[in-house]
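Visitor: I would like to learn how to read a few features of a protein model. Where do we begin?

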Amino acid sequence: QVQLVESGGGSVQAGGSLRLSCKASGYTYSTYCMGWFRQAPGKEREGVAAIRASGASTYYVDSVKGRFTISQDNTKNTLYLQMNSLKPEDAAMYYCAARASGCLGVSVALDATRYNYWGQGTQVTVSS
């Protein structure tokens with residue numbers, strides 16, 4: 001059974017940093033596309049970043065480019081999202097997700113409807 005467990009959320013001031021982690025289990029991690037998504041109250045779930053299993057390609061939504069970095073440790077089956085220079089508009093519930101059929105480019109990699117498995121989410125709050 002596929003399980004994704006996020007951690008690392010919290011409350012920070014604008015300009016601060018957080019690192020989110022997602023521990024995966026129950027499948028061959030290295031064959032999947034892994035993504036981070038976020039959802040603020042009253043808004044649709046938004047793709048933030050994704051990474052191919054090989055780590056050769058990463059994808060980001062424009063609003064986080066240069067501030068967020070997605071990475072993974074395949075030996076630990078763990079996905080990370082380093083978030084720097086956080087802004088109040090980054091505040092949301094952040095979810096880790098796994099897609100069995102690969103990333104297939106940015107339009108798929110950042111599309112929440114294309115993902116098979118989801119974690120329970122971790123809350124990020126950014127105060128101004």
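Guide: Begin with burial: buried means under 20% relative accessible area, exposed over 50%, and partly exposed in between, with a 1.4 Å probe and protein chains only. Cys33, at 0% relative accessibility, therefore counts as buried. This is a predicted model, in which local features need pLDDT of at least 70 and side-chain atom pairs count only at pLDDT 80 or more, while totals for chains, interfaces and linings use all residues. Residues are numbered from 1 along each chain as its sequence is written, and side-chain values use heavy atoms, with hydrogens and water left out.

Visitor: How many disulfides does a search of the whole structure find?

Guide: A disulfide is a pair of cysteine sulfur atoms within 2.5 Å. The search finds two. One joins Cys33 to Cys103, with an S to S distance of 2.0 Å. Helices (H or I, at least four residues) and strands (E, at least two) are DSSP runs, numbered from the N terminus. Cys33 lies in strand S4 (residues 33-39) and Cys103 in the loop between S9 and helix H1 (106-109), so this pair links distant parts of the chain, 70 residues apart. The link of Cys33 and Cys103 is right-handed, with 95° about the S-S bond. Cys103 counts as buried because its relative accessibility is 4%.

Visitor: What is the handedness of the link of Cys22 and Cys96?

Guide: That link is left-handed, at -70° about the S-S bond. Cys22 is in strand S3 (residues 18-25) and Cys96 in strand S9 (residues 92-99), so the pair ties together parts 74 residues apart in sequence. Counting bonded cysteines along the chain, the pattern is 1-3, 2-4.

Visitor: Which residues touch the most other members of the largest nonpolar core?

Guide: In soluble globular proteins, nonpolar side chains tend to be buried together. A nonpolar core is a set of buried Ala, Val, Leu, Ile, Met, Phe, Trp, Tyr and Cys residues joined through side-chain atoms within 4.5 Å. The largest one here has 40 residues, and Met34, Trp36, Leu81, Met83 and Tyr94 touch the most other members. Elements that give two or more residues to this core include S3, S4 and strand S8 (78-83). S9 gives the largest share, five residues.
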